[in-house]
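Visitor: I'd like to go through the pockets of this one. Can you put it on screen?
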Amino acid sequence: MDFRKDLTYGDYLHLEPVLNSQHRLSDHHDEMLFIIIHQTSELWMKLILHEMQAAIDCIRNNQLDPSFKMLSRVSRIQQQLIQSWDVLSTLTPSEYMEFRDKLGYSSGFQSYQNRLIEFSLGHKNADLLKVFSHQPDVFNRLQYAIQQPSIYDMAIRALAARGLSIDHDYLERDWTQDYQANSSVEAAWLTVYRDTEKYWDLYELAEKLVDIEDRQQQWRYNHMKTVERIIGYKRGTGGSSGVHYLRQRLEHRFFPELWSIRTLL
């Protein structure tokens, strides 16, 4: 029972710093919920980025099979993030108003890890980096990430490596730009889905990506509905239009051809 000389559970997890990182700016009981929901979400996002980068590396090295486990794990983590909105929605409008003014201009819009996740999925917008200009380390990390090919770019290269015809401009495109649908990519995925036996690994990769986009959209939707439930159509604390902004984001597709081919099959 004496662990003074041994590594303990708390030591390994650095639990004291973690459990002492919740600093309320008000005396309101429910601010603790608000802080912990967002802190745990950031920890799950950190794991998503860890798995996504490993999956990108696997696909780049033509090792698709190991990437499937990583991508499956990402979709499971996303499910945890989706369910977290159910917990936050127990916060009522009256309760949130008791401490909202203490938040200043802080907003989930400023989550750089969420931005990194979107970059890894191919949704790029260099203008958003300005939000992080006051944090040189974060800004540099984002600037590097926006210049890298996304997991979808790697998947498209995997299509080309298997002999499927892809426009050259899409194999060597400007990675800093948001991904836009392309007819050659659509045709390649259509070939994969029409001959799954021949292209089973590419087909499996495509379905893993669809899982991830589907859950990302569910997360966005639940985010929008939770915000609507708690603050209605007020502007966000960071200055965004709130629900209007979140609803617009639901129209975006990360992997557009993987959805369009479903109509064409």
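Visitor: What volume does the second largest pocket have?
Guide: About 340 Å³. This is a predicted model, where local features need pLDDT of at least 70 and side-chain atom pairs count only at pLDDT 80 or more, while totals for chains, interfaces and linings use all residues. Residues are numbered from 1 along each chain as its sequence is written, and side-chain values use heavy atoms, with hydrogens and water left out.
Visitor: What counts as a pocket, and how is a volume defined?
Guide: On a 1 Å grid over the protein atoms alone, a pocket is an open set of points where a 1.4 Å probe fits, with protein on both sides within 12 Å along at least five of seven lines; lining residues have an atom within 4 Å of a point. Points are joined across faces, edges and corners, and the volume is the space filled by probe spheres set on them.
Visitor: Which residues are closest to the centre of the second largest pocket?
Guide: Leu49, Gln53, Leu116, Ser120 and Ala145, out of 15 lining residues.
Visitor: Which element gives the most to that lining?
Guide: H3, with six residues. Helices here are DSSP runs (H or I, at least four residues), numbered from the N terminus.
Visitor: And the largest pocket, how much space lies in it?
Guide: About 1200 Å³. Of its 46 lining residues, the closest to the centre are His38, Ser106, Ser107, Gly108 and Phe109.
Visitor: Which element gives the most there?
Guide: H3, with nine residues. Helix H11 (200-231) is among the elements giving two or more.
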